[in-house]
Amino acid sequence: MEKSKVIFGNEMPLKVYKKACRSKKKYIKKYGDDSGSSYEVRLEKNAYIGDSLGVVNVLVGSPETNAHYDPSRNAETLSFDTEKGIIVGNIRMGFGHYRISMAIASAAKSMGYVPYWMDLNSYKETTCTKVIGAQNDLYSLGSRLSKNPIFNKLVWEPVNYEGFRALSYNAADQKNAELMAPVYANIPKDIPVVGTHVWPAQAAIHAGMKNVVNAIPDNWPMALHFAEGAVHTIQCRNAYQGYRILNGMNKKTVCREMPEDSLLYTGHYIDHELVSNIEADCDARIQRKKDGKPIRFLLTIGGAGAQKEIFAAIIEFLLPYIKENKAALYVNVGDYKNVWDNLIKEIPAMKEVSTEHFDNWKDTEKFCEEALDPSTLISGIHGFWHKNIFEAVYCTNLLMRSCDVLVTKPSELAFYPVPKLFIKRVGKHEMWGAIHSAEMGDGTLECRDIAHTLQMVKLFMESSIELTDMCEAIKANKKAGLYDGAYKVVETAMALKNK
């Protein structure tokens with residue numbers, strides 16, 4: 001049965017199916033249909049995270065049209081390892097899906113497998129990338145517009161919370177994903193695929209890939225995340241029944257449930273490097289607090305700018321503490337240098353206490369390594385910007401180990417084993433990330449305005465309870481296996497292959 005007509009045994013109304021077909025036709029008219037294409041596939045070691053995470057890029061189509069193509073590696077010839085290989089299918093939509101992909105790749109490498117990085121948003125000549133790029137641009141626009149409280153209340157939060165929840169949305173997505181399938185045409189069909197966004201998983205199923213795992217990022221159950229035919233993994237137990245019974249996905253209608261073997265709880269998707277060092281890193285945080293050393297805050301700032309005002313307020317609040325060596329700041333602006341420039345312009349006093357670690361990966365790695373040394377005193381503000389997307393994303397992972405508090409919206413970073421201060425969400429579905437983290441004891445409640453955010457910053461500064469309790473909770477959570485999700489996803493994918 002066509003996946004846009006029936007979703008886990010739930011038949012879609014004819015008008016929903018016709019609307020899905022119109023959506024696909026619209027994209028074909030705009031971007032073409034390359035269903036008959038047989039794109040060349042090439043492999044090359046990733047120049048940025050190839051050594052640390054063992055990642056090999058999968059290039060599809062003409063090499064020079066691939067966003068991740070590196071001409072200096074043109075002479076290198078690699079082939080798929082059909083025994084130990086695992087494809088990590090992803091897209092760049094913000095940093096979140098890349099970060100989850102890095103966690104899967106890290107776990108795979110630690111388990112002796114070869115992670116192949118397949119970014120469906122990097123194959124510029126394909127219809128697949130053009131369709132994803134268009135939808136990504138639309139989502140980014142919505143994120144920026146969400147700064148407007150009226151737009152946020154009437155459009156953005158309802159779309160992210162209820163719109164993406166509907167089975168009718170999945171019907172359209174499945175039809176559009178048929179246009180993404182050609183990128184898998186020359187990929188060995190037995191190699192397991194882990195999709196860290198639903199589109200790479202849906203496209204893999206449409207292309208006939210036999211062993212597909214759909215690593216769902218959110219714990220608010222939404223039909224958006226369905227890739228029927230794949231094993232769906234979730235990070236939180238509180239999401240299990242919502243997905244299992246398709247709760248509220250067809251308004252008040254009681255839906256037919258997902259098959260038992262289509263849904264699996266794994267725990268949080270976390271990099272091996274972070275999981276394996278949890279105890280040492282948490283103990284170091286507790287000791288720094290006892291010794292009265294500067295509290296290290298890590299701010300991760302995206303390019304949409306939806307929360308720039310909040311981060312600016314935090315920096316201004318902490319400046320006196322920074323000048324007194326009571327606090328220190330790591331600020332990662334990813335690959336958006338303009339964000340750093342705007343902050344310096346808005347807060348000129350930052351400049352005199354800031355050290356810029358800009359587009360120099362060796363310098364960044366050296367700083368992160370030295371910051372782990374108990375004898376190192378970190379002071380001032382340290383700004384990080386990297387032109388390359390891999391370095392821009394992975395920088396936060398490296399800084400996470402030596403920071404004391406991660407300041408972030410409750411998105412994919414809500415699941416990471418580091419004490420977290422949650423600022424206002426971007427999209428109502430993110431609300432549940434903060435709720436889950438607070439319940440697990442490794443993060444705060446969501447601070448939905450600047451006043452409450454600064455109150456929590458002050459508590460971290462002046463009290464030892466919040467930081468110490470979170471560190472102890474993180475260590476307990478590790479013993480319970482909460483952060484083993486990436487390993488379990490890889491195990492699940494390889495088990496499908498060896499079944």
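1. Proline 294 is buried, at 4% relative accessibility. Here buried means under 20% relative accessible area, exposed over 50%, and partly exposed in between, with a 1.4 Å probe and protein chains only. Proline 294 sits in the loop between H10 and strand E12 (295–300). Helices (H or I, at least four residues) and strands (E, at least two) are DSSP runs, numbered from the N terminus. Leaving aside neighbours within four places in sequence, proline 294 is in contact with Asn325, Lys326, Ala327, Ala328, Leu377, Ile378 and Asp404. Contact means heavy atoms within 4.5 Å.

2. A word on the basis. This is a predicted model, in which local features need pLDDT of at least 70 and side-chain atom pairs count only at pLDDT 80 or more, while totals for chains, interfaces and linings use all residues. Residues are numbered from 1 along each chain as its sequence is written, and side-chain values use heavy atoms, with hydrogens and water left out.

3. The largest nonpolar core has 115 residues. Such a core is a set of buried Ala, Val, Leu, Ile, Met, Phe, Trp, Tyr and Cys residues joined through side-chain atoms within 4.5 Å. Phe226, Phe297, Leu318 and Ile381 have the most contacts inside this core. Helix H11 (residues 308–323) gives the most to it, with 9 residues.

4. Not counting residues up to four places away in sequence, isoleucine 381 touches Ile315, Leu319, Ile322, Leu329, Val331, Trp340, Met350, Val353, Ser354 and Thr355. A second, separate core has 37 residues, including Tyr39, Ala177, Leu179 and Ile187.

5. Salt bridges come to 23. The rule asks for a side-chain nitrogen of Lys or Arg within 4 Å of a carboxyl oxygen of Asp or Glu. One of them joins the side chains of arginine 92 and aspartate 335, at 2.8 Å from N to O. Arginine 92 lies in the loop between strand E5 (85–90) and helix H3 (96–110), and aspartate 335 in the loop between strand E13 (327–332) and helix H12 (337–346), so the pair ties together parts that are 243 residues apart in sequence. Aspartate 335 is buried, with a relative accessible area of 19%.

6. Aspartate 190 and lysine 210 also meet through their side chains, in a salt bridge of 3.5 Å, N to O. The pair links distant parts of the chain, 20 residues apart. Aspartate 190 is in the loop between H6 and strand E7 (193–195), and lysine 210 is in the loop between helix H7 (198–206) and strand E8 (212–215). Aspartate 190 is partly exposed at 41% relative accessibility. Lysine 210 is exposed, with a relative accessible area of 58%.

7. Aspartate 442 and lysine 420 form a salt bridge of 3.5 Å, N to O. Aspartate 442 is in the loop between helix H15 (431–440) and strand E18 (443–446), while lysine 420 is in strand E17 (residues 420–422), 22 residues apart. Both aspartate 442 and lysine 420 are buried. Elsewhere, salt bridges that share partners join Glu2, Lys24, Lys175 and Glu178 into one network.

8. The second largest pocket has a volume of about 270 Å³. On a 1 Å grid over the protein atoms alone, a pocket is an open set of points with protein on both sides within 12 Å along at least five of seven lines; a cavity is a set where a 1.4 Å probe fits but cannot get out; lining residues have an atom within 4 Å of a point. Points are joined across faces, edges and corners, and a volume is the space filled by probe spheres set on the points. Helix H1 (14–31), helix H6 (167–177) and strand E10 (249–252) each supply at least two residues of this pocket's lining. E10 gives the most, with 3 residues. The lining residues include Met12, Glu162, Met249 and Lys251.

9. The whole structure has 2 cavities of 30 Å³ or more. Leu274, Ile278, Asp281, Arg285, Met400, Arg401, Pro417 and Val418 line it. H10 gives the most to this lining, with 3 residues. The second largest cavity holds about 40 Å³. Its lining includes Pro217, Asp218, Phe415 and His429.
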